[in-house]
Every structure is written in C-alpha cells, then in structure tokens.
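Hi,

Here is the structure we talked about. Please open it first, then read on for what turned up.

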Amino acid sequence: MSVENVSSNKVFGGWHKQYTHQSSTLGCTMRFAVYLPPQAAAGAEVPALYWLSGLTCTDENFTQKAGAFRAAAELGMALIVPDTSPRGECVADDDAYDLGQGAGFYVNATEAPWNRHYQMYDYVVNELPELIEATFPVSSVRSISGHSMGGHGALVIAMRNPDRYRSVSAFSPITNPVNCPWGQKAFTAYLGKDTSKWSEYDSSLLMKKATEHVPARVDQGEADNFLNEQLKPEVLEAAAKESGYPLELHRHDGYDHSYFFISSFIEDHLHFHAPYMGLKQK
C-alpha cells in the first residue's frame with residue numbers, strides 16, 4: 001500500500017499533495033490528490049470529504065478551480081480527490097469523451113474489455129479509503145461529493161453504503177442515467193445490454209426505494225446546457241418525495257455546468273457536510 005508523492009503545495013496553512021500508487025483493484029497506476037488541513041499537520045486525525053469529478057476530468061480540475069481549500073482549512077476537513085477512471089496504455093479506451101479513460105462512471109464493469117480495469121466503484125468505496133486512512137492522519141469519518149458524472153457516483157455510492165458515509169452532496173449530477181444518453185451509452189458498454197443490471201447505479205431509482213438515509217444536498221444551475229437531456233434533477237426530486245428521503249435541492253438561476261458554478265457554492269457544500277462529520281463551524 002505504498003504511495004509516491006509527485007507534488008506538494010502549501011495552501012491556507014495546510015498541504016495539497018498529489019500521489020501515485022499501484023491499484024490492485026484497477027490493475028494500473030492511479031493518481032489522487034489529498035488536502036490535509038492545518039489541524040492534521042498538528043497531529044490530529046481529521047475527517048475526509050471525498051470528491052468525485054466529472055467526464056474528462058482528473059483530480060486537478062477540482063483542486064485548481066473549485067476554491068475549496070480555505071473552508072476546508074477553517075473546518076479541519078481533509079479533501080480526497082481520485083481520478084475519474086483507470087489510466088494507462090494497457091487500459092481499454094474509446095475515442096469519444098464520454099466512454100473509456102476519463103469516463104469511468106464509478107461502476108464495476110462486467111463486460112469485456114472494460115471489466116479488466118474499470119472497477120471504479122470498488123476503488124472509491126474500498127481500496128482508496130483503506131489506503132488513505134492507513135497512510136495519512138485521516139479518520140474513518142467520511143462524506144462524499146461530486147460533479148456531473150461524479151455527482152452521480154457520489155449519490156449512488158452514499159445510498160448504497162449508508163454505513164460508510166455521513167452525508168452526500170452533488171453539483172449538477174446525472175441523476176437518472178438509465179434514461180439519459182450519457183448513462184445509456186456508458187452502461188451498455190460497461191454493464192451490458194441487460195438493463196435490469198443498471199438500476200443499482202441510478203441514484204433516482206435508489207432514492208425511490210431507500211429505507212436508510214444519508215443526508216443529501218444537490219445544487220443545479222438553471223442555465224446548464226445538459227439540464228433537460230442528461231441531468232434530470234426533477235426525477236431525483238420526485239424520488240425523494242416518494243420515499244421521504246432527506247434531500248435538499250437548490251436551483252440557481254443563470255448558472256451553467258462549469259467550475260464557475262462549483263466555485264460559487266463549494267463552501268456551502270463543505271459547511272453542509274461539517275456538522276454530520278462532527279466539525280464545529282465558526
């Protein structure tokens with residue numbers, strides 16, 4: 001479970017660092033980023049927010065554009081940012097941006113050639129937290145968040161593992177992938193044509209039948225180009241009402257799908273998670 005440090009930057013009294021490691025789950029070398037707030041440098045174990053990024057992204061989109069470090073430092077919250085898929089010359093890929101490397105969809109692929117490496121669900125839920133908690137002063141108190149494809153992943157992972165996550169949030173998530181072009185394309189490739197196998201990776205379907213609840217917040221820009229065809233927040237909202245799920249859905253006029261939107265509200269998300277993670281707010 002060794003890691004190799006590839007970059008370090010001090011920010012708001014803490015440290016943002018990138019690491020690589022050999023993933024046994026994915027069968028390739030993976031990179032992830034960690035932000036350790038000043039409290040961790042002082043020797044305290046801190047809780048962690050895991051951030052899952054969207055299509056075409058790496059760990060760097062969030063760490064360079066979201067503006068989350070100030071609030072994380074004030075709260076004493078670690079930020080853990082994995083890549084969005086397995087990578088490397090031996091890893092299956094596709095010429096399109098919405099399939100293959102950079103587009104893992106946080107599922108465990110069952111179809112060849114994808115099933116050899118594309119086990120992102122198991123990587124995020126099991127291998128990465130085990131590595132983080134064994135290597136850094138980070139506790140097993142976890143919450144999870146993400147954007148677009150990563151918002152889909154965060155919601156699905158939290159609802160399927162309510163014992164592992166204190167809270168979940170998402171920006172512009174793909175909420176009903178079984179009924180949108182991005183999800184249908186990825187799920188057909190990764191999971192096969194039997195659509196009955198897709199439901200375990202659809203947050204709207206999971207929320208509709210949920211009996212255990214992880215507090216959830218979703219923020220959606222009303223000027224998002226993908227809103228109606230790909231994201232479908234109204235389906236998630238209807239599912240929450242049907243099951244009584246504790247979902248906060250915030251709609252924002254004029255905001256699009258970009259990191260300009262995320263950076264506008266990321267501190268609200270960290271403060272949403274903080275009380276569930278046992279962190280005091282000023």
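What volume does the largest pocket have? About 210 Å³. The pocket is lined by 14 residues, and Leu55, Thr56, Cys57, His147 and His257 are the closest to its centre. By class, the lining has six nonpolar residues, seven polar and one charged.

A word on confidence. This is a predicted model. Mean pLDDT for the protein chain is 97, and 100% of its residues reach 70 or more. Confidence is lowest in helix H1 (residues 38-41), with a mean of 92. It is highest in strand E4 (residues 46-52), at 99.

Now the rings. The whole structure holds 19 aromatic pairs. Among them is Phe32 with Phe136, edge-to-face, at 6.5 Å centre to centre and 85° between the planes. Phe32 sits in strand E3 and Phe136 in the loop between helix H4 and strand E6, so this pair ties together parts 104 residues apart in sequence. Both Phe32 and Phe136 are buried.

Tyr118 and Tyr190 make a stacked pair, 5.5 Å centre to centre with 20° between the planes. Tyr118 is in the loop between strand E5 and H4, and Tyr190 is in helix H6, so the pair ties together parts 72 residues apart in sequence. Tyr118 counts as buried at 1% relative accessibility. Tyr190 does too, at 0%.

There is also a cluster: ring pairs link Trp51, Phe62, Phe171, Tyr255, Phe261 and Phe265.

Last, charges over rings. The charged end of Lys17 sits over the Trp15 ring, 5.5 Å from its centre. That of Arg160 sits over the Tyr201 ring, 5.0 Å from its centre.

Best wishes

Key. Residues are numbered from 1 along each chain as its sequence is written. This is a predicted model: local features need pLDDT of at least 70, side-chain atom pairs count only at pLDDT 80 or more; totals for chains, interfaces and linings use all residues. Side-chain values use heavy atoms; hydrogens and water are left out. On a 1 Å grid over the protein atoms alone, a cavity is a set of points where a 1.4 Å probe fits but cannot get out, and a pocket is an open set with protein on both sides within 12 Å along at least five of seven lines; lining residues have an atom within 4 Å of a point. Grid points are joined across faces, edges and corners, and a volume is the space filled by probe spheres set on the points. Ala, Val, Leu, Ile, Met, Phe, Trp, Tyr, Cys and Pro count as nonpolar, Asp, Glu, Lys and Arg as charged, and the others, Gly among them, as polar. pLDDT is the predictor's confidence in each residue, from 0 to 100. Helices (H or I, at least four residues) and strands (E, at least two) are DSSP runs, numbered from the N terminus. Rings of Phe, Tyr and Trp (its six-membered ring) pair if their centres lie within 6.5 Å; planes under 30 degrees apart count as stacked, over 60 as edge-to-face and the rest as tilted. Buried means under 20% relative accessible area, exposed over 50%, partly exposed in between (1.4 Å probe, protein chains only). A charge sits over a ring if NZ of Lys or CZ of Arg is within 6 Å of the ring centre and within 35 degrees of the ring normal.
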